[in-house]
Amino acid sequence: MTAQRSGLAVFAQTALIALALGVLMGLVWWWVVPTEQWTVVEGGLLPADLGYSAWFSSDGWFLVLGAIAGAVLAGASWRRGRSRPLVLTVGIIVGAGLVSVVAWSLGGALGAPDPKAAAETASVGTLVDGSLGIRAIGVLFAPALAALTVQALLLSGTKLFDEPSPVADSSWVPQQSW
């Protein structure tokens with residue numbers, strides 16, 4: 001297999017692993033996050049939980065699951081791509097982005113629809129479920145940060161290039177100058 005094909009294979013494998021992890025993460029995220037609820041009031045919606053715990057739990061769970069998925073992505077891709085660290089790094093960065101986008105999209109699609117649409121037809125005082133989403137956009141970078149951290153740790157213990165061992169030159173003898 002040529003070097004270019006080998007690089008493409010590493011990249012493709014990392015992308016496939018990332019897609020699978022994104023689907024799994026999206027399903028778990030949808031399953032573990034409590035549903036936020038809104039109370040329909042005259043002219044709009046108010047959070048039913050004044051502590052906003054469902055808002056924060058959505059972002060927190062995405063952060064935790066993203067860090068786990070990123071670490072798994074780096075570990076799973078390492079065996080195949082460690083001989084091509086540059087390709088593996090690019091694959092991990094792109095793959096971590098795929099994990100985030102797929103998980104965010106799938107979790108949002110599985111969650112409740114937009115509460116504003118439900119509030120238009122509901123009577124005042126009714127509780128409606130809120131949609132699953134992310135409010136702190138920075139949590140989308142959790143898979144990438146975790147994956148690159150794991151990869152850096154794995155690379156730090158790896159010898160990337162074979163260095164020739166130093167050979168003593170016996171023909172050179174130091175001259176004494178008296």
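**Exercise 1. Find the helices that the buried residues of α5 pack against.**

Solution. The buried residues of α5 pack against α2 and α3. Buried means under 20% relative accessible area, exposed over 50%, partly exposed in between (1.4 Å probe, protein chains only). Helices (H or I, at least four residues) and strands (E, at least two) are DSSP runs, numbered from the N terminus.

The model is predicted: local features need pLDDT of at least 70 and side-chain atom pairs pLDDT 80 or more, while totals for chains, interfaces and linings use all residues. Residues count from 1 along each chain as its sequence is written, and side-chain values use heavy atoms, without hydrogens or water.

Next, list the residues. In α5, A142, P143, A144, A146, A147 and Q151 are buried.

**Exercise 2. Check the length of α5 against its residue count.**

Solution. Helix α5 covers residues 142–156, which is 15 residues. The expected span is 1.5 Å times one less than the number of residues. That gives 21 Å for α5. The end C-alpha atoms of α5 are 21 Å apart, so expectation and model agree.

**Exercise 3. Describe the order of elements and the overall burial of the protein chain.**

Solution. Start with the count: the protein chain has 5 helices and 3 strands. From the N terminus, the order is α-β-β-α-α-α-β-α. Then take burial: 31% of the 178 residues are buried. Finally, turn to contacts (heavy atoms within 4.5 Å). Among those between residues at least 6 apart in sequence, 80% join residues at least 24 apart.

**Exercise 4. Locate the largest nonpolar core and the elements that build it.**

Solution. A nonpolar core is a set of buried Ala, Val, Leu, Ile, Met, Phe, Trp, Tyr and Cys residues joined through side-chain atoms within 4.5 Å. The largest has 17 residues. M25, W29, F62, L73, V99 and I134 have the most contacts inside this core. Two or more residues come from each of α1 (3–32), α2 (53–81) and α3 (85–110). Another core, of 6 residues, lies apart from it and includes V10, A74, W78 and L88.

Now zoom in on L73. Beyond four places in sequence, L73 touches T14, I17, A18, L21, I92, G95 and A96.

**Exercise 5. Decide whether W78 and W31 are buried or exposed.**

Solution. Take W78 in helix α2. W78 has a relative accessible area of 10%, so W78 is buried. Outside four places in sequence, W78 contacts L88, L154, L155 and T158.

Now take W31 in helix α1. W31 has a relative accessible area of 69%, so W31 is exposed.

**Exercise 6. Classify S58 and S83 by accessibility.**

Solution. S58 sits in helix α2. At 2% relative accessibility, S58 is buried. Its contacts, leaving out neighbours within four places in sequence, are W29, V33, L132 and G133.

S83 is in the loop between α2 and α3. At 61% relative accessibility, S83 is exposed.
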